[in-house]
Amino acid sequence: CDSIPLAGGRQAYVAASSGNLFATTDRGRRWVRVNTSLVLRGWYQLAVSGTSLFALTGTGLLRSTDQGRSWRKVNPGLPDRSLSSLVASGPALFVGG
């Protein structure tokens with residue numbers, strides 16, 4: 001599983017090996033499953049860039065603009081091979097194998 005805090009420390013995410021994504025807004029006292037319509041197997045990395053949440057999974061690079069409730073694939077231009085690293089730095093997103 002992987003975890004990442006959202007900018008400003010207001011929200012944190014944890015991606016579980018079960019394929020579910022959980023979020024907390026109270027420093028971990030209560031966790032809520034946020035991806036109720038989609039279960040993603042093989043979470044590798046999570047990253048936040050601006051108001052977008054990115055997930056590198058076994059099915060490719062995904063982006064959420066609604067705090068993880070829905071996702072869309074954003075793979076154009078990426079090589080067709082296994083990717084395992086994802087880092088956001090300001091508005092830039094870096095993906096590697």
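Let me start with strand 5, which is mostly covered: five of its seven residues are buried. Keep in mind that this is a predicted model.

Where does strand 5 pair? Strand 5 is joined by six bridges to strand 6, residues 52-57, and the two run antiparallel. Within that pairing, Ala47 stands opposite Phe54 of strand 6. The two strands make a hairpin, with two residues between them. Gly50 sits in that turn and has a positive phi of about 65°.

Now to one residue of the strand, Ser49. Ser49 belongs to strand 5, which covers residues 43-49. Is Ser49 buried or exposed? Its relative accessible area is 11%, so Ser49 counts as buried, the cut-off being under 20%. As for its surroundings, leaving aside residues up to four places away in sequence, Ser49 touches Phe54, Ala88, Gly90, Pro91 and Ala92.

For contrast, take a loop residue, Arg30. Arg30 is found between strand 3, residues 21-24, and strand 4, residues 32-33. Why is Arg30 called exposed? Because its relative accessible area is 54%, and exposed means over 50%. Arg30 does have contacts: with residues up to four places away in sequence not counted, Arg30 touches Ala23 and Thr24.

Note on methods:
Residues are numbered from 1 along each chain as its sequence is written. This is a predicted model: local features need pLDDT of at least 70, side-chain atom pairs count only at pLDDT 80 or more; totals for chains, interfaces and linings use all residues. Side-chain values use heavy atoms; hydrogens and water are left out. Helices (H or I, at least four residues) and strands (E, at least two) are DSSP runs, numbered from the N terminus. Buried means under 20% relative accessible area, exposed over 50%, partly exposed in between (1.4 Å probe, protein chains only). Contact means heavy atoms within 4.5 Å. Two strands pair if DSSP finds at least two bridges between them.
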